[in-house]
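The following exercises concern a complex of protein chains. Please study the sequence and the structure before reading each solution.

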Amino acid sequence: MSRLPISNTIRRLRFDHDEMTQQQLAERVGVTRQTVNAIELGKYSPSLEVAFRMAAVFGVPLEQVFEYHGGGRGDEQKW
Amino acid sequence: MSFREKSAWISLISILLVSGFFFWQVPARMTAASHPALVRGLWYCVIALVLIEVVAHIVVAMRAPKDAQAPKDERERLIELKAIRIAHYVFLVGVLLAVSSMIHLGANVFAMAYHVLLAFVTAEVVNYAARIVYHRRGL
């Protein structure tokens with residue numbers, strides 16, 4: 001499903017945090033539920049600020065939420 | 001479906017309905033003497049469009065007030081910018097075609113004005129259609 005060279009563990013982290021819903025995570029991070037869903041499915045790369053906010057909600061380092069698989073260049077999201 | 005996507009659907013459908021009616025009427029009634037009436041008709045269509053959009057948005061907002069009042073998030077702002085960029089190029093091509101119609105086909109200035117209006121409406125349709133596609137796809 002993911003088109004981007006970034007994977008994430010948001011779904012598992014939500015489950016581990018009292019089965020947090022996408023809506024609850026969205027409200028705590030300041031985005032819509034649809035944006036959280038798009039991030040989870042790898043359809044959208046969040047900004048650094050949103051990524052850090054997500055990590056802060058789960059209380060883990062950023063690298064435990066997002067992992068980059070791409071090379072040095074040439075993997076930019078196509079516009 | 002997010003409020004922004006619902007808003008895009010409302011705008012797309014209302015523009016298609018109102019402009020479809022207007023442009024269906026224009027060619028049949030376009031004579032040199034009919035332009036004041038067509039301009040009045042255009043204003044009626046604009047008023048109708050605004051009323052339809054306002055009422056539909058109020059209904060949708062009342063069903064999900066939190067979503068409606070929330071500011072656009074970063075993904076929604078990006079979707080809007082990408083859709084407007086596409087619509088810009090559609091409008092540009094449409095205007096060039098409208099000007100060409102006057103230069104190369106001898107269309108009069110009123111016909112060119114309607115062609116420009118058609119280009120604007122087409123660009124708006126593309127704008128809202130693109131937003132819907134981006135919302136459906138995630139981005």
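Buried area is the accessible area (1.4 Å probe) that two parts lose on being put together, summed over both. The model is predicted, so that local features need pLDDT of at least 70 and side-chain atom pairs count only at pLDDT 80 or more, while totals for chains, interfaces and linings use all residues. Residues are numbered from 1 along each chain as its sequence is written, chains are lettered from A in the order in which they are written, and side-chain values use heavy atoms, without hydrogens and water.

**Exercise 1.** Describe the extent of the interface between chain A and chain B.

Solution. Begin with the area: about 1200 Å² is buried between the two chains, and carbon and sulfur atoms give 46% of it. Next, consider contacts (heavy atoms within 4.5 Å). Here 16 residues of chain A touch 14 residues of chain B.

**Exercise 2.** Which side chains meet in a salt bridge?

Solution. First apply the rule: a side-chain nitrogen of Lys or Arg must lie within 4 Å of a carboxyl oxygen of Asp or Glu. Across this interface the rule finds one salt bridge. The partners are A:Glu27 and B:Lys66, at 3.2 Å from N to O.

**Exercise 3.** State how much of chain A is buried.

Solution. Take the cut-off first: a residue is buried when its relative accessible area is under 20% (1.4 Å probe, protein chains only).

Definitions and conventions: Buried means under 20% relative accessible area, exposed over 50%, partly exposed in between (1.4 Å probe, protein chains only).
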